[in-house]
Structures are given as structure tokens and as C-alpha cells.
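Let's take a quick tour of a protein fold, one topic at a time. Have the sequence and the 3D view open while you read.

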Amino acid sequence: MPVTYLTSIAHFESVINNHRPVIIEFWAEWCEVCRPMSAQFAQLATQNPAAQFYRLDIEDVRDVALALGVRNLPAFKVFKKGVQVGELVGVDQTQLVSEACD
């Protein structure tokens with residue numbers, strides 16, 4: 001499944017309450033270190049059909065990033081049935097794979 005962009009707080013709220021695990025990448029166009037992790041994230045999305053993968057540009061959907069306390073990029077959050085169950089901040093591809101596959 002490809003990575004889908006989150007476009008609003010309403011969109012965010014609707015996807016995290018799904019029965020499937022949801023993994024969200026928080027990034028920004030200006031973030032140089034986000035690029036290699038974004039490629040890894042997209043690859044994980046194709047390899048893990050049991051989860052849904054989303055990308056949120058913090059410049060476009062700032063209210064979600066602020067509400068979730070995202071202060072550093074890249075950041076990844078895992079939700080199950082509306083509850084955050086995992087988080088990764090920074091560039092750690094091994095940990096990203098671990099969070100995505102749990």
C-alpha cells in the first residue's frame with residue numbers, strides 16, 4: 001500500500017481510529033535528514049500491508065503536529081485503535097523497521 005498524505009486534523013482523526021495499525025511520518029520539505037527516512041518509510045509501506053502508512057507535512061497540517069508535541073524531525077508515531085502505542089524521533093532506520101513491523 002502506498003503512503004497517503006494527511007491533509008487535515010479531521011483526516012488525521014478519521015485514520016487513527018481504524019482497526020488496522022496506522023504509522024505516521026512527520027516531515028517537512030526543508031528537512032534534509034527526512035529524505036532518506038522517507039524513502040525507507042515508503043519501502044516499509046509496500047512491505048507491510050497489515051498497517052496503513054501516512055505522511056504529514058508539519059508546515060501544511062501544523063495543528064496536528066502541535067497537538068501531538070512533534071518538536072523534532074523526522075518523527076514517526078504508531079497508532080492502534082486511536083491510541084498512540086509507539087514513537088520514533090530521528091534517523092534510526094533499524095528502529096523504524098522495528099516499530100513498523102510490531
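Start with the sheet: five strands make up an open sheet, in the order β1-β3-β2-β4-β5, and their pairing is mixed. Keep in mind that you're looking at a predicted model. From the sheet, we'll move on to the helices, the cores and one proline.

**The sheet**
- β1 (4-5) and β5 (83-89) are the edge strands, and each of them pairs on one side only.
- As a bit of background, strands of a sheet pair through backbone hydrogen bonds, either parallel or antiparallel.
- β2 and β4 run antiparallel, and five bridges join them.
- For an example you can find on screen, look at I23: its bridge partner in β4 is V78.

**The helices**
- α1 lies across β1, β2, β3 and β4, and it runs at about 150 degrees to β2.
- α2 covers residues 34-47, which makes 14 residues.
- From its first C-alpha to its last, α2 reaches 20 Å, close to the 20 Å expected at 1.5 Å a residue.
- The buried residues in α2 are C34, M37, S38, Q40, F41, L44 and A45.
- Look down the axis of α2 and those buried residues fall within an arc of 165 degrees, so they line one face of the helix.

- In soluble globular proteins, nonpolar side chains tend to be buried together.
- The largest nonpolar core here has 21 residues, and the ones touching the most other members are L6, F12, I24, F26, L56, I58 and L73.
- Two or more residues come from each of α1 (9-16), β2 (22-27), β3 (52-57), α3 (62-67) and β4 (75-80).
- β2 gives the largest share of this core, with four residues.
- Take L56 as a close-up: leaving aside neighbours within four places in sequence, L56 is in contact with L6, I24, E25, F26, W27, V61 and V64.
- There's also a second, separate core of 11 residues, and V3, F41, L44 and A51 are among them.

**A look at P21**
- P21 sits in the loop between α1 and β2.
- With a relative accessible area of 23%, P21 counts as partly exposed, because buried means under 20%.
- Which residues does P21 touch, leaving aside its neighbours within four places in sequence? P21 is in contact with A50, A51, Q52, F79 and K80.
- P21 and Q52 are 31 residues apart in sequence, yet their C-alpha atoms are 6.2 Å apart in space.

Note on methods
Residues are numbered from 1 along each chain as its sequence is written. This is a predicted model: local features need pLDDT of at least 70, side-chain atom pairs count only at pLDDT 80 or more; totals for chains, interfaces and linings use all residues. Side-chain values use heavy atoms; hydrogens and water are left out. The expected span of a helix is 1.5 Å times one less than its number of residues. Buried means under 20% relative accessible area, exposed over 50%, partly exposed in between (1.4 Å probe, protein chains only). The arc is that of the directions from the helix axis to the C-beta atoms. A nonpolar core is a set of buried Ala, Val, Leu, Ile, Met, Phe, Trp, Tyr and Cys residues joined through side-chain atoms within 4.5 Å. Contact means heavy atoms within 4.5 Å. Two strands pair if DSSP finds at least two bridges between them. Axes are lines fitted to C-alpha atoms, for helices over the stretch in contact, and angles run from 0 to 180 degrees between N-to-C directions.
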